[in-house]
Amino acid sequence: MLDSRIEEAINDQINYELYSAYIYYSMQSWFLDRNMGGMAGWMGIQVMEEMSHAQIFFNYVNERGGRVLLKGIEGPQTEFDSPLDVFQTALEHEQKVTARINAIMDLAIELKDHASVQFLHWFVAEQVEEEATASEIAGKLEWAQDAPAALYQIDSELGTRTFTTPSPLAGD
Ligand code: FEO
């Protein structure tokens with residue numbers, strides 16, 4: 001049985017993962033509006049990733065005998081200054097997600113909830129990747145600035161991203 005404090009923290013995190021999907025949907029829309037199809041596609045995959053994260057938490061709460069209670073999702077930022085601003089915003093957002101995952105992990109450790117500690121390890125590793133990816137793209141865009149050829153190259157590169165079902169959902 002899941003401790004009610006962990007249940008509440010994960011319920012909040014489900015909401016935050018869905019909010020993350022909203023943010024990336026909003027970023028996808030911003031790129032589509034500017035005919036940057038590669039970056040828009042990259043954001044579309046990111047939306048799917050965030051929905052998967054929510055699903056992984058959702059499954060875990062149910063598996064441990066808890067109940068998911070969905071809450072309203074805050075509206076996302078809709079305006080950005082540039083592609084660089086979008087990815088810097090994404091990086092800042094992922095840093096907030098990391099802090100939240102760490103706080104849930106701290107709670108699980110405090111409660112000696114070993115199952116939750118083990119479950120959360122996947123998210124700790126995932127956040128290292130999430131931050132590294134956003135940081136790398138922001139770095140490239142910082143270097144490219146407004147040079148159209150460089151932006152075109154980055155857009156094409158990001159457009160090759162494909163979705164891979166995260167291992168907790170793939171049953172690996
Ligand atoms: Fe669900 Fe981007 O962290």
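1. Residues are numbered from 1 along each chain as its sequence is written, and side-chain values use heavy atoms, with hydrogens and water left out. Because the model is predicted, local features need pLDDT of at least 70 and side-chain atom pairs count only at pLDDT 80 or more, while totals for chains, interfaces and linings use all residues.

2. The side chain of S20 reaches the backbone oxygen of Y16 at 2.8 Å. Leaving aside residues up to four places away in sequence, S20 touches E50, H93 and V97, where contact means heavy atoms within 4.5 Å.

3. Ten aromatic pairs are found in a search of the whole structure (rings of Phe, Tyr and Trp, the last by its six-membered ring, with centres within 6.5 Å). In the pair of W30 and F80 the ring centres are 6.1 Å apart and the planes stand at 85°, so the pair is edge-to-face, a class for planes over 60 degrees apart. Since W30 lies in helix α1 and F80 in the loop between α2 (37-63) and α3 (83-110), this pair ties together parts that are 50 residues apart in sequence. W30 is buried at 5% relative accessibility, and F80 is buried at 8%.

4. The charged end of R161 sits over the ring of W42, 4.2 Å from its centre (CZ of Arg, or NZ of Lys, within 6 Å of the ring centre and within 35 degrees of the ring normal).

5. The ring of Y16 has the charged end of R100 over it, 4.0 Å from the ring centre.

Key: A polar contact is a pair of N or O atoms within 3.5 Å; within protein, one must be able to donate a hydrogen and the other to accept it, and residues adjacent in sequence count only if both atoms are side-chain atoms. Rings of Phe, Tyr and Trp (its six-membered ring) pair if their centres lie within 6.5 Å; planes under 30 degrees apart count as stacked, over 60 as edge-to-face and the rest as tilted. Helices (H or I, at least four residues) and strands (E, at least two) are DSSP runs, numbered from the N terminus. Buried means under 20% relative accessible area, exposed over 50%, partly exposed in between (1.4 Å probe, protein chains only).
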